[in-house]
Amino acid sequence: ERIIQVILDHVSAVQQLPEPDARSMVQGFARYHGIDPGTVIAGNGTTWFIYTLPLALQAQHVLILGPTYSDYADACRMHHIEPEFWIAKPETGFVPDLESVSTKAAHADLVFVCNPNNPTGVLLDPAIIITLLQRHPRTCFVVDESYLPFVADGDDRSLVHAGEYANLLVLSSMSKIFAIPGLRTGFLSGATGLIEKVRSYSQPWNVNALAQVVINDIYDHPEQMVPFYKKTRAFIAREKHWFLKEQADIPGLMPVAGHTGFVLARLQYHTAPQVCRRVGQDRILIRDCTNFHGLNHRFVRFSLKDRENNLKLGASLKKALSQ
């Protein structure tokens with residue numbers, strides 16, 4: 001609630017240019033995480049970094065751990081790179097196999113890892129990623145932690161503090177946990193050498209004035225962040241536990257165990273387009289996962305909200321899957 005009031009109180013900020021390098025934002029992020037501000041860049045959302053990284057790092061051979069967010073592959077193709085994929089399987093709960101991934105990573109110069117993953121919700125132990133970092137020092141690993149703030153022990157799992165690895169970059173989003181996707185704010189942190197390569201491709205004023213005001217205010221009040229994180233995490237855990245318990249008797253709906261507020265589910269008797277269309281008739285939008293590389297027309301993803309809306313979603317899914 002505070003964010004909306006901050007915007008209303010500072011709307012006149014749009015009459016002036018913001019800091020060209022969003023320095024105050026960077027200092028706030030670094031202060032909160034206890035890292036060197038020189039190892040951080042603020043950007044117009046994590047998406048800007050994703051599309052800049054293949055070019056800035058002069059990548060030739062890119063590996064993507066999937067099924068995952070499609071922008072990693074789209075960013076590669078924008079720069080005329082056809083990425084390789086390592087696809088986790090439903091039979092293993094979409095959990096990647098360390099040895100198999102390591103074999104593929106040995107031949108890549110850039111690897112994208114989403115943790116926790118979108119759309120599966122799978123959360124990797126940071127020790128697994130650190131093992132890959134150690135085994136392949138010449139390979140740059142980009143770890144997207146956009147959904148990590150929603151995880152109960154997310155702060156302890158974050159690799160933002162792993163600055164000793166010269167081949168690590170971490171994406172951190174403010175848009176999701178604070179529900180401000182329209183403000184487009186995110187950070188890239190990691191090894192100094194890699195950060196400097198990306199910084200050389202950064203444009204001035206790439207974070208707008210209102211976004212800078214809001215993020216600066218958030219980091220100026222760290223005493224409010226921890227309680228907000230705890231409250232949000234507890235709310236999501238409670239709603240997800242309740243929802244999955246309520247839907248356990250729906251035939252043909254097989255949720256994937258995950259650590260996020262969204263749920264990937266496999267359909268046994270229906271197709272994703274059918275279910276999405278039927279649920280859509282109740283004015284509820286769920287994700288048809290057909291176009292995720294590594295998934296097919298038997299997968300949907302839905303995001304949980306408050307109890308009232310979750311009840312509506314549950315009733316709509318039951319009706320759609322009973323047809």
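This is a predicted model: local features need pLDDT of at least 70, side-chain atom pairs count only at pLDDT 80 or more; totals for chains, interfaces and linings use all residues.

Residues are numbered from 1 along each chain as its sequence is written, and side-chain values use heavy atoms, with hydrogens and water left out.

**The sheet**

- Seen as a whole, the open sheet has 7 strands in the order β1-β7-β6-β5-β4-β2-β3, with mixed pairing; helices (H or I, at least four residues) and strands (E, at least two) are DSSP runs, numbered from the N terminus, and two strands pair if DSSP finds at least two bridges between them.
- Its edge strands are β1 (40-43) and β3 (84-87), each of which pairs on one side only.
- On average, neighbouring strands of this sheet are turned by 20 degrees against each other, direction ignored, where axes are lines fitted to C-alpha atoms, for helices over the stretch in contact, and angles run from 0 to 180 degrees between N-to-C directions.
- Strands β4 (residues 110-114) and β5 (residues 140-144) run parallel and are joined by 5 bridges, and Leu110 stands opposite Cys140 in β5.

**Helices on the sheet**

- Helix α5 (residues 98-105) packs on the sheet and touches β2 (62-66), β3, β4 and β5, its direction making about 175 degrees with that of β3; contact means heavy atoms within 4.5 Å.
- Helix α8 (residues 192-199) lies across β1, β5, β6 (168-173) and β7 (186-190), and runs at about 140 degrees to β7.

**Salt bridges**

- The whole structure holds 12 salt bridges, each defined as a side-chain nitrogen of Lys or Arg within 4 Å of a carboxyl oxygen of Asp or Glu.
- One of them joins the side chains of Arg2 and Asp217 at 2.7 Å, N to O, and this pair links distant parts of the chain, with Arg2 in helix α1 (residues 2-9) and Asp217 in helix α9 (residues 209-220), 215 residues apart.
- Arg2 counts as partly exposed at 36% relative accessibility, whereas Asp217 counts as buried at 16%; buried means under 20% relative accessible area, exposed over 50%, and partly exposed in between (1.4 Å probe, protein chains only).
- Another salt bridge brings together Glu239 and Arg307 (3.0 Å, N to O); because Glu239 lies in helix α10 (residues 222-246) and Arg307 in helix α12 (residues 307-322), the pair ties together parts that are 68 residues apart in sequence.
- Glu239 counts as buried at 4% relative accessibility, while Arg307, at 32%, counts as partly exposed.
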